[in-house]
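This report goes through one structure step by step, from its helix pairs to its sheet and its metal site. Look at the sequence and the structure first, then read on.

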Amino acid sequence: MNAFTYSYPVKQYFGENAAANYLPAELEKAGRVVMLAYGGGSVKKTGIYDQMISILKAAGKEIVEFSGIMSNPTYRKVQEGAALAKEKKVDFILAVGGGSVSDCCKIVATQARYEQDIWEMEYTDHKIPTEHIPMGVVVTASGTGSEQNNGAVITHEEKKLKAALWGAYADFAILDPAYTLTVPMKQVISGAFDTLSHAMETYFGRPGEVTVSDEISEAVMRNVIRNIREVITDPESLQARSELMWSSAMAENGILKLGKVTDFQGHMIEHQVGAYTDCNHGQGLAVIHPALYRFIYQSDVKKFARFAEEVWKVESAGKTEEETALAGIQALADFIREIGLPTAFAEMGIELDEETRKKIAESTVVTGGCCRKLTAADIEKILEECR
Ligand code: NZQ
Ligand code: ZN
């Protein structure tokens, strides 16, 4: 295992009625002006908005609404939120939504404390901001685990980049699985697949040797696979929703990553596909993963064979290590098809011509944690496989 330091700032309130039970006490610690941030309006349909307003009012807060945060939040939206937070002298941000709302708010919280453009600060000056407006997240759709960390994925439309920015950690996360009962099934599945992807991308990072982090990862992966099947069979199952919500948090709270350099090459490719197409994150990952793994598995056959046996229960007797590894990747591909996720970009209504594939490949970050260091030409080949 590599050396590591682990410290964790996000307090977790997990379970039914967590907002009613714990948000008031958390708000007591917050300043007077609270920005209530949310997405395109699902919170109003589900009643979560009304609940938040009544908790905020009971706490005596002045409420500043910041709404319309879109899926794959844009840098422009971040700047709009930061300007509003500055203008209204916001003391605390309450982000209510899925990964997009949480991501947007983490950077709003940070940008509002700086005059300098955050993108420039991080990507030109290579400085990580340290100041931010305190914030908390109420998760309404799980999968990304965004509420667990200080990374945010933001689409810079002018630069044609969907990239990570480092912003605020939430002081707390409210995780009420019952809030996710209204999430459309397509989003439940793509969100849960995102969790599986996070665990896989950490598992296949360096070092390849199996560590305690990897063994916890295997448990999380098996849990996600089982509960995706369960939630499809029984969409009202609060048990399955609970499991998926906590697995999502587990995959991004740092535990699986301890002692490892993560891979996340699939994510880097998907993010750039997203920069060009605004596609759904989990669906994009579903298309990319099998093609990526068929491309790289020979660089760590042993780990891919273990993945096959431990996660997919592939029978290795009578197979070479390579055959077992390939059977595991096939099991992943079969699962993607079984749960109704796309297996090609065409199924997502996306057509990437040769020139666009080249642009995506050339602008994709190549990660140091992947068992095979890809070139832009390699990524182009993978994208061709995904058509
Ligand atoms: O916008 P509204 O109307 O609220 O509707 C949302 C949205 O359409 C809806 N929704 C959320 N809660 C609901 C609900 N509908 C009914 N009932 C509820 N309770 O769900 C839709 C999707 O929401 P969104 O937040 O966009 O999805 P997700 O949580 O998958 O987040 C995706 C974003 O997170 C980034 C992705 O790249 C993408 O931009 N990621 C962030 C990560 C991080 N910070 O750690 C890690 C991930 O790898 C990922 O890249
Ligand atoms: Zn993801």
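An axis here is a line fitted to C-alpha atoms, for helices over the stretch in contact, and angles run from 0 to 180 degrees between N-to-C directions. Helices (H or I, at least four residues) and strands (E, at least two) are DSSP runs, numbered from the N terminus. This is a predicted model, in which local features need pLDDT of at least 70 and side-chain atom pairs count only at pLDDT 80 or more, while totals for chains, interfaces and linings use all residues. Residues are numbered from 1 along each chain as its sequence is written, chains are lettered from A and ligands numbered from 1 in the order in which they are written, and side-chain values use heavy atoms, with hydrogens and water left out.

**Helix pairs**

Two packed helices are described by the angle between their axes and the distance between the axes.

| Pair | Angle | Axis distance |
|---|---|---|
| α7 and α8 (residues 212-233) | about 165° | 9 Å |
| α7 (residues 185-203) and α13 (residues 321-338) | about 165° | 13 Å |
| α1 and α3 (residues 48-58) | roughly 40° | within 10 Å |

Angles under 35 degrees count as roughly parallel, over 145 as roughly antiparallel, 65 to 115 as roughly perpendicular and the rest as oblique. Therefore α7 and α13 are roughly antiparallel to each other, whereas α1 and α3 are oblique.

A crossing is left-handed if the near helix is turned anticlockwise from the far one by less than a right angle, and right-handed if clockwise. The crossing of α7 and α8 is left-handed, and so is that of α7 and α13. For α1 and α3 the crossing is right-handed.

Contact means heavy atoms within 4.5 Å. In α1, Ala19, Ala20, Leu23, Pro24 and Leu27 touch Gln51, Met52, Ile55 and Leu56 of α3. Ala, Val, Leu, Ile, Met, Phe, Trp, Tyr, Cys and Pro count as nonpolar, Asp, Glu, Lys and Arg as charged, and the others, Gly among them, as polar. By these classes, the contact of α1 with α3 holds eight nonpolar residues, one polar and no charged. Between α7 and α13, Phe193, Leu196 and Met200 meet Leu332, Phe335 and Ile336. That contact has six nonpolar residues, with no polar and no charged ones.

**The sheet**

Two strands pair if DSSP finds at least two bridges between them.

Strand β5 (residues 135-139) runs parallel to β8 (residues 172-175), and four bridges join them. One partner pair is Gly136 with Phe172 in β8.

**The zinc ion**

Which residues coordinate the zinc ion (ligand 2)? They are Asp194 (OD), His198 (NE2), His267 (NE2) and His281 (NE2), at 1.9 to 2.2 Å. Donors are N, O and S atoms within 2.8 Å of the metal (3.2 Å for Na, K and Ca); water is not among the atoms, so sites may look incomplete. Along the sequence, the donor residues follow the spacing D-x3-H-x68-H-x13-H.
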